[in-house]
Amino acid sequence: VFMVDNATTGKENSSITDFSFKYTESGGITSRYLLISFDSKTKMLTSSTDVSGANLSHKPISDSEENDLKEIFAKNEFFRTKTDYPPEEEDPKYISCNLTVTINDKAHTTGWTDGSKEMPDGLMQIVNEIKKVSSNEGLV
C-alpha cells in the first residue's frame, strides 16, 4: 500500500485523522513545570503547572485552532527536527523542554533547553502557537 505523506508537505491537512501532541517545560531556577497536550479524538487541550499531574485544566478547542496547530507543525517540518538539541554545557538553571507529536501513524519527539544552540526557528514558532492557543483558551 502506497500512502502519500501529506503531513509534511504543509499543503493538505484533511488527510490527518489522528493528531496529538504533548509539550512540557520543566526545571530552571524556579523549578517550573508546564504541560500542554492535545488529542484530536477528544478535541481537548489539557494543561497543568503541577508536575504530579494535579490541577489539570481541560478546554475544547475550535476546528480552526486545531487546523492552525496542524499547519504550524507541517509548515515548520517538525518531523525533520533532531531528537535532541543539547545545551553547550549542562546547567540546572536551564529549562528543559520536550515536544512529542503524533500525526496519523507517525510520531516524533524532540527535546531542548533554553540554553540550546542551533535551534531551528520553526521549533520556537510551533511552541509559540501552542502557547497562543492555550492562552486563547485561558489555560496558560
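This is a predicted model: local features need pLDDT of at least 70, side-chain atom pairs count only at pLDDT 80 or more; totals for chains, interfaces and linings use all residues.
1. As general background, nonpolar side chains tend to be buried together in soluble globular proteins.

2. Leaving aside neighbours within four places in sequence, leucine 99 is in contact with Phe21, Lys22, Tyr23, Phe73, Phe78, His108, Thr109, Thr110, Trp112, Leu123, Ile126 and Ile130.

3. Now step back to the whole chain. The protein chain has two helices and seven strands, and along the sequence they follow the pattern β-β-β-β-α-β-β-β-α. Of its 140 residues, 42% count as buried. If you look at contacts with a separation of 6 or more, 59% of them come from residues 24 or more positions apart.

4. The strands make an open sheet of seven, in the order S4-S3-S2-S1-S6-S7-S5, and the pairing is mixed. At the edges sit S4 (57-60) and S5 (84-85), each pairing on one side only. S1 pairs with S6 in the antiparallel sense over nine bridges, and glycine 27 stands opposite isoleucine 95 in S6.

5. Both helices pack on this sheet. H1 touches S1, S2 and S6, and its direction makes about 75° with that of S1. H2 touches S1, S2, S3 (44-48), S5, S6 and S7 (106-113), with its direction at about 95° to that of S1.

6. How do the helices sit against each other? The axes of H1 and H2 come within 9 Å and cross at roughly 170°, which makes H1 roughly antiparallel to H2. From H1, Glu65, Asp68, Leu69, Ile72, Phe73 and Lys75 meet Gln125, Ile126, Glu129, Ile130, Val133 and Asn136 of H2. The residues of this contact split into six nonpolar, two polar and four charged.

7. S2 deserves a look of its own. Six of its eight residues are buried, so S2 is largely enclosed by the rest of the structure. On one pairing, eight bridges join S1 to S2, running antiparallel; here tyrosine 23 has isoleucine 36 in S2 as its bridge partner. S2 also pairs with S3 in the antiparallel sense, over five bridges, and serine 37 has threonine 46 in S3 as its bridge partner.

8. S1 and S2 form a hairpin with four residues between them, and glycine 28 in the turn has a positive phi of about 85°. The hairpin of S2 and S3 has four residues between the strands as well, and there lysine 43 takes a positive phi near 60°.

9. Setting aside neighbours within four places in sequence, threonine 24 is in contact with Tyr33, Leu34, Leu35, Ser96, Cys97 and Asn98.

Definitions and conventions:
Residues are numbered from 1 along each chain as its sequence is written. Side-chain values use heavy atoms; hydrogens and water are left out. Contact means heavy atoms within 4.5 Å. Axes are lines fitted to C-alpha atoms, for helices over the stretch in contact, and angles run from 0 to 180 degrees between N-to-C directions. Angles under 35 degrees count as roughly parallel, over 145 as roughly antiparallel, 65 to 115 as roughly perpendicular and the rest as oblique. Ala, Val, Leu, Ile, Met, Phe, Trp, Tyr, Cys and Pro count as nonpolar, Asp, Glu, Lys and Arg as charged, and the others, Gly among them, as polar. Two strands pair if DSSP finds at least two bridges between them. Buried means under 20% relative accessible area, exposed over 50%, partly exposed in between (1.4 Å probe, protein chains only).
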